[in-house]
Each structure stands twice: as C-alpha cells, then as structure tokens.
Amino acid sequence: MTSSGAVTFRWFDAEFDSGDVDQDIVISSYQSHLDQLHDSSSDTIRALIHTNLHDAQVRDWTVEGTVFRWSLVIGDLQTGYERATIEYHDAILRAVTTAEVIDFDLCDADHELVSDEIDIVEGTPTRFEHRFSFWPDFAFAIQFGDVTVLREPMASRQA
C-alpha cells in the first residue's frame with residue numbers, strides 16, 4: 001500500500017507557508033481548481049472537496065488492505081465541530097511507509113493538519129491524490145480511486 005517519492009504540493013508548498021508568494025492568488029487558483037474538479041466529479045469526491053480539514057486533529061486511523069480510514073475532528077468555534085470519518089478506497093500511501101506514519105503519531109494532539117490539497121493523478125483521470133502537511137514538518141499523500149466521507153456533529157473539539 002506504499003509508493004515511494006516525495007510529496008510535491010501544487011498550491012500549498014513551502015513558498016506558500018513562508019509567505020514568499022501572494023497567498024490570495026494561490027488560494028484563488030486552488031479554489032478555481034476545486035470548482036473544476038467539483039463539476040466533473042462523483043458525489044463522493046464532491047463530499048471530500050466540501051470537507052475543510054484545516055487544523056484538523058486525527059483521532060484514529062487504520063490501514064486494511066487497500067483501504068485507508070481515519071477519523072478527524074474538524075471545524076472551529078464559529079462553524080462548530082464535527083467528526084469526519086474518511087475512507088479512501090483502492091488507496092496507496094505516497095512518500096511514507098505505514099511505519100513512518102506510526103512513528104510520527106498522527107493522533108498526537110500537537111500534530112494538526114496544516115494544509116491539504118486534492119488533485120487528479122496526472123495521466124489517470126479516475127484516480128485522485130490527497131496531499132497532507134502536518135505540524136511539525138510531516139507530509140504524505142494518499143492516491144485513491146474512490147472515497148467515502150461521513151460527518152457527524154460534535155458538541156466540542158474534545159468530545
């Protein structure tokens with residue numbers, strides 16, 4: 001379930017994080033990309049596009065065969081909190097091994113998801129890649145064929 005190679009972010013890269021680019025232009029470009037992706041994708045991909053993972057905290061994760069599943073707490077005080085359970089089907093981890101994910105400890109409360117981006121795998125219009133950057137300094141991606149997203153309201157971030 002693992003493939004090699006570094007994760008290359010198309011929008012939210014190190015230049016974006018450092019502020020060396022006009023962040024408003026990058027965000028606008030990514031939103032245009034998501035709009036195009038939304039218009040040409042299945043309902044399941046649309047559900048993923050509409051799930052804001054910024055500052056998410058991972059509660060648990062598993063790999064079973066070619067399925068990567070995780071539950072994350074998403075949201076904020078203004079929008080409210082939700083538990084998002086995302087299941088990637090026909091999944092391949094990119095740029096990390098399962099052991100490296102275990103070593104990083106995704107479920108550590110200090111390891112928030114800083115940024116993520118969804119893209120089509122080049123040359124394979126029916127496969128997608130979801131890239132993740134975690135604090136501090138951990139990045140990986142999941143290539144997948146389909147996804148399931150379940151969102152449930154939570155009373156608080158700690159619930």
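Modeller: In this predicted model, the second largest pocket draws at least two lining residues from each of α1, β6, β7 (124–134) and β8 (138–144), where helices (H or I, at least four residues) and strands (E, at least two) are DSSP runs numbered from the N terminus. Residues are numbered from 1 along each chain, local features need pLDDT of at least 70 and side-chain atom pairs 80 or more, while totals for linings use all residues. Side-chain values use heavy atoms, without hydrogens or water.

A pocket is an open set of points on a 1 Å grid where a 1.4 Å probe fits, with protein on both sides within 12 Å along at least five of seven lines, and its lining residues have an atom within 4 Å of a point. In the second largest pocket there are 13 such residues, and those nearest its centre are Asp-17, Ser-133, Asp-137, Phe-138 and Ala-139. The space inside comes to about 230 Å³, and the lining consists of eight nonpolar, two polar and three charged residues (Asp, Glu, Lys and Arg count as charged; Ala, Val, Leu, Ile, Met, Phe, Trp, Tyr, Cys and Pro as nonpolar; the others as polar).

The largest pocket holds about 360 Å³ of space. Its lining has 19 residues, with Phe-12, Tyr-30, Asn-52, Leu-53 and Asp-116 closest to the centre. The largest share, five residues, belongs to α2, and by class the lining has nine nonpolar, seven polar and three charged residues.

Arg-10 is exposed at 52% relative accessibility, whereas Asp-119 is buried at 6% (buried is under 20%, exposed over 50%, partly exposed in between, with a 1.4 Å probe and protein chains only).

Glu-112, in turn, forms a salt bridge with Arg-157, the closest N and O atoms lying 3.4 Å apart. Here the loop between α4 (98–104) and β6, which holds Glu-112, is linked to the segment after β9 (146–154), which holds Arg-157, 45 residues apart.

Methods
Points joined across faces, edges and corners; volume = space filled by probe spheres on them. Salt bridge = Lys/Arg side-chain N within 4 Å of Asp/Glu carboxyl O.
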